Amino acid sequence: MSIPNLTPIYLDNNATTRCAPEAVAAMLPYFTEQFGNPSSMHSFGAKVGHAVKAARGSLQKLLGAEYDSEIVYTAGGTEADNTAILSALKANPERREIIITMVEHHAVLHLCDQLEKDGYTIHKLKVDGIGRLDLDEYAKLLSDKVAVVSVMWANNETGTFFPVEQMAQMANAAGVLFHTDAVQAVGKIPLNLANSAIDMLSMSGHKLHGPKGIGALYLRRGARFRPLLRGGGQERGRRAGTENVPAIIGMGVAAELALEHMEQENTYVRALRDKLQAGILAAVPHAFVTGDARNRLPNTLNVAFEYVEGEAILMLLNKQGIAASSGSACTSGSLEPSHVMRAMGIPYTAAHGTIRFSLSRENTEAEIDRVIAVTPAIIAQLRKLSPYWGENGPVTDPEKAFAPTYA
Amino acid sequence: MWDYSETVKEHFYNPRNAGALPEANAIGEVGSISCGDALRLMLKVDPANETILDASFQTFGCGSAIASSSALTEIIKGKTLEQALDVSNQDIADFLGGLPPEKMHCSVMGREALQSAIANYRGEVWSDDHEEGALICKCFAVDAVMIEDTIRANNLCSVEQVTNYTKAGGGCSSCHEGIEEILAKVLAERGEDFKAAPPPEKKVPGKMTTLERIRKIEQVIEKARPNLQRDHGDIELVDVDGKTIYVAMKGACSGCQMEAATLGGVQAQMIEALGELVKLVPVKPTVKLAPNTLA
């Protein structure tokens, strides 16, 4: 093998993004001369307070919210998700049911697993083979026993969209609060929350080229709310704790940049993603796209490579300087392949070999060409080792030809 | 990314003995539920002296599963079946310069494939004697099934007991919530409620006679032994010199990557039992003198 060109190629932007240099530059003064506490009366605080308000305005624009006071800063998407769901339960103590989906992010899923142990009833909406919900099932579950519905806007593994605006209207009509975890969608698709029935929305700074450790909860004016953290009166008493000012400023700049590049995301990035998909599927047999290929984030491609395992693929990609992620059990140290793949009924031998490529506006066509060039050899190399693989393809009836004793 | 040793990476990037072995006369096929990994081990055994002439593997699995398979084939080639059966999963991990706790089951899968292949050669049917569950204690690589079975078998009712029997929870203690959950579940089955133990009392160090103190030290060592023996290791008291307690780590414990953690666990129990700060120092096992053959 020739020595590969090792300039790294980062295709794991659904995990995190590079903080935009403009955002970093804007943050720096807030670590040094602009150190004031925005709550303070003096001018040190006042200047910082104005900057925090300006950043709030940038988020308002990105989300298409009616008022800037509908934005509550949090320490990230996970805190926003937890705040939204726990607030709804606290505000509606007589309602003991929650509706989510089988494929939510762990920030929602694991919270609800815990709430189930505490006696709440959790309804998890099923998905079909390409990750779509059955809205009839959803409609039947909506009742005055439900405290909150929490459904992600776009799936982090496959990029598949859920019809959250429609689902919010249905919840609204039934008198149920609606929250969406939009961590993957914000900054990638145009949003107009002012014209939606969505009550609460979670977002995160570092998924859109902002800093880590900062996020926000959109809270529709008038939606009933109970804070998670109480203390000082920050965020109008809705999230106590001195503001993470530098991160807020950075996320504000990142939001402006995201709005500027929104079109590019849906043309340039989408074209690169489509090229990557076509290139890989043309060159690698027994590989398929998971999720709803016609209705997903423009930057996300999730491919299942049958009969090989994801972590092994990632290690070989990494050796070529390519960063991606996998739904295999091994990469997480958990027992099972991704809950998203299982919910879609992807067979184990394929689910373990799912690789997520998530792009950003910083990727180039040359990078995509390189990934397309090296991937087929990597898959072939691992298939050579696989007991499910014969000379030139899968062994006849792979599940029967190799049926190990499982422990 | 996992913190794999250079040897693991090397065996993953350049696996030895990969691929089918058409002349194989011993084949083992096993899988590990916990990773979805699966391995087919093929051996060519010389029927005359039961020596493994050649070995190869095919593996569906992660980097450490492939590396463990590769290591296993390297270790067993040239061995007799009897010698090969002595290869423990720790031997495979050691050969690779250690594996992360979450990945130890890859080495277990290697050992099971070997047992399965040898059973296949002898016309026997190999059945697995253990089941793997979710990893609870990451310090000592103990899974939920192991903890649950141990609680059941020994009627345990506290986290401390679980730690004493399985080592789980004896390190950083962040898995205590998980252990309490398993305890609560098993206790509920026997119709009892799980009650968190009161915080350990601060013991005022009482004066012990030298004899009492040595006996106490021996008790702690004896208590630790069954757990280590289960992993094919052992610990032996060698000497006590003031606050320094010399012990010998034996069998699989000797040179094990977890030796420091194991010693740390025993030392913590020793400090608690004696009510004073002591240090456990490993020394070479005592040399058993061969029967005097000199005339």
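**Ground rules**

I count a contact wherever heavy atoms lie within 4.5 Å. I am working with a predicted model, where local features need pLDDT of at least 70, side-chain atom pairs count only at pLDDT 80 or more, and totals for chains, interfaces and linings use all residues. Residues are numbered from 1 along each chain as its sequence is written, chains are lettered from A and ligands numbered from 1 in the order in which they are written, and side-chain values use heavy atoms, with hydrogens and water left out.

**Entry: helix α1 of chain B**

I began with a helix of chain B, α1, which covers residues 6–13. Helices here are DSSP runs of H or I with at least four residues, strands are runs of E with at least two, and both are numbered from the N terminus. Which residues of α1 in chain B are buried? I found V8(B), H11(B), F12(B) and Y13(B). Buried means under 20% relative accessible area, exposed means over 50%, and partly exposed is in between, with a 1.4 Å probe and protein chains only.

Next I looked up what covers those residues. The cover includes α9 (310–319) and α12 (365–385) of chain A. From chain B, it includes α2 (63–76) and α4 (89–95).

**Entry: chain A as a whole**

I noted 13 helices and 14 strands in chain A. Its radius of gyration is 22 Å, close to the 22 Å that the globule rule gives for 407 residues, so chain A is as compact as a globular protein of that length. The radius is taken over C-alpha atoms, and the rule is 2.2 Å times the number of residues to the power 0.38. Along the principal axes, the C-alpha trace of chain A spans about 75 × 50 × 35 Å.

Of the 407 residues in chain A, 60% are buried. Among contacts in chain A with a separation of 6 or more, 72% come from residues 24 or more positions apart. Chain A exposes about 16,200 Å², with 54% supplied by carbon and sulfur atoms; the areas come from the Shrake-Rupley method with a 1.4 Å probe, and for residues only the protein chains shown count as cover.

**Entry: Q277(A)**

I then picked one residue of chain A, Q277(A), which sits in helix α8 (residues 262–283). Is Q277(A) buried or exposed? It counts as buried, because its relative accessibility is 16%. Setting aside neighbours within four places in sequence, Q277(A) is in contact with V289(A), R296(A) and L301(A).

**Entry: chain B as a whole**

Chain B has 10 helices and 8 strands. I found that 46% of its 295 residues count as buried. For contacts in chain B between residues at least 6 apart in sequence, 58% join residues at least 24 apart. The accessible surface of chain B is about 14,800 Å², and 52% of that belongs to carbon and sulfur atoms.

The domain assignment of chain B gives domain 1 (6–121), domain 2 (135–189) and domain 3 (210–283); such bounds come from an automatic or database assignment. Taken over C-alpha atoms, the centres of domain 1 and domain 3 of chain B are separated by 33 Å.

**Entry: two residues of chain B**

V281(B) is in strand β8 (residues 279–283), and at 21% relative accessibility V281(B) counts as partly exposed. What does V281(B) touch, not counting residues up to four places away in sequence? I listed T244(B), I245(B), Y246(B) and V247(B).

My last stop was G178(B), in helix α8 (residues 176–189) of chain B. G178(B) is partly exposed, with a relative accessible area of 22%.
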